[in-house]
Amino acid sequence: MLTAKETELEQLERLAYLKDEGPKYHDEWERLRDKLWTNKETDKYKRKKKAVWIFFPNGERQTFKSVNEVRNVLGISDHTINEYIDTDIPIKQRKFKGCYIYSLEEE
C-alpha cells in the first residue's frame with residue numbers, strides 16, 4: 001500500500017478518498033490522521049492562540065489572551081511555556097521559578 005516515495009501525508013490523502021468508497025479503509029485513515037494531527041508539535045501551535053493562566057508563588061494569578069501575550073508582557077520564552085504548560089510542574093529557574101502555567105478552554 002505505501003510506496004517508497006509516498007509520504008504519510010500523501011497516504012492520508014489517498015486513504016481519505018478510499019474510505020469514502022468503502023468502510024474497510026476508515027480505521028487505517030483514522031489511525032494515520034490521529035498520528036499526524038494529534039501530537040505535541042501540532043498542539044504547541046494550537047496553544048499559542050489559547051488563553052493562559054499563570055499562578056505566581058506569592059498566590060497572585062494573572063490571565064493572558066494568548067501564549068504570545070505572555071511572551072511579550074512577561075518575557076517568558078516559548079520553550080519554557082511549552083515545557084511547563086498544563087503539566088502541574090512549576091517552572092524551575094530564573095525569575096519565574098515556582099510559577100505554574102495552564103491553558104484555559106475557550107468558552
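Among contacts in the protein chain between residues at least 6 apart in sequence, what percentage join residues at least 24 apart? The figure is 31%. Keep in mind throughout that this is a predicted model.

**Whole chain**

Colour by secondary structure. The protein chain has five helices and three strands. Read from the N terminus, the elements follow the order α-α-α-β-β-α-α-β. The chain has 107 residues, and 26% of them count as buried.

**Helix α1**

Select residues 8-21, which are helix α1, and pick out Ala 16 within this helix. Ala 16 is partly exposed, at a relative accessible area of 24%. Ala 16 and Trp 29 are separated by 13 residues in sequence, and their C-alpha atoms lie 6.5 Å apart in space.

**The sheet**

Show the strands as a cartoon. In what order do the three strands lie in the sheet? The order is β2-β1-β3, in an open sheet with antiparallel pairing. Select 61-64 for β2 and 100-104 for β3: these are the edge strands, and each of them pairs on one side only. From one strand to the next the twist averages 20°.

Next, select residues 51-55, strand β1, together with β2; the two run antiparallel and are joined by four bridges. Val 52 has Phe 64 as its bridge partner in β2, and Trp 53 has Thr 63. In the hairpin of β1 and β2, five residues lie between the strands, and Gly 59 takes a positive phi near 95°.

Then move to the other pairing. β1 and β3 are antiparallel as well, with five bridges between them.

Show side chains on β3. In a regular strand the side chains alternate between the two faces of the sheet. Which residues of β3 are on the covered face, and which on the uncovered one? Ile 101 and Ser 103 make up the covered face, while Tyr 100, Tyr 102 and Leu 104 make up the uncovered face.

Select Ile 101 and its surroundings. Leaving aside residues up to four places away in sequence, Ile 101 touches Val 52, Trp 53, Ile 54, Ile 81, Tyr 84, Ile 85, Asp 86 and Ile 91.

Ile 101 also belongs to the largest nonpolar core, which has 15 residues. Which members of this core touch the most other members? Select Ile 54, Val 70, Leu 74, Ile 76, Ile 81, Phe 96 and Ile 101 to see them. β1, α4 (67-74) and α5 (78-84) are the elements that give two or more residues to the core. The largest share, three residues, comes from α4.

**Uncovered side: the aromatic cluster**

Select Trp 53, Phe 55, Tyr 100 and Tyr 102, which form one aromatic cluster. The structure has three aromatic pairs in total. One of them is Phe 55 with Tyr 102, an edge-to-face pair at 5.7 Å centre to centre, with 80° between the planes. This pair links distant parts of the chain, as Phe 55 is in strand β1 and Tyr 102 is in strand β3, 47 residues apart.

Is Tyr 102 buried or partly exposed? Its relative accessibility is 21%, so Tyr 102 counts as partly exposed, since buried means under 20%. Tyr 102 also pairs with Tyr 100; this pair is stacked, at 6.5 Å centre to centre and 5° between the planes. Tyr 100 is partly exposed too, with a relative accessible area of 30%.

**The salt bridge**

Finish with a charged pair. How many salt bridges does a search of the whole structure find? The search finds one. Select Arg 71 and Asp 78 and display their side chains: these two residues form a salt bridge, with the closest N and O atoms 3.2 Å apart. Both partners can be checked against a surface display. Asp 78 is partly exposed, with a relative accessible area of 22%, and Arg 71 is partly exposed at 29%.

Notes
Residues numbered from 1 in each chain as written. Predicted model: local features only at pLDDT ≥ 70, side-chain atom pairs only at ≥ 80, totals over all residues. Heavy atoms only, no water. Pairing = 2+ DSSP bridges. Axes fitted to C-alpha atoms, helices over the stretch in contact; angles between N-to-C directions. Salt bridge = Lys/Arg side-chain N within 4 Å of Asp/Glu carboxyl O. Buried < 20%, exposed > 50% of the residue type's maximum accessible area, 1.4 Å probe, protein only. Core = buried A, V, L, I, M, F, W, Y, C linked by side-chain atoms within 4.5 Å. Contact = heavy atoms within 4.5 Å. Phe/Tyr/Trp six-rings, centres within 6.5 Å; stacked < 30°, edge-to-face > 60°.
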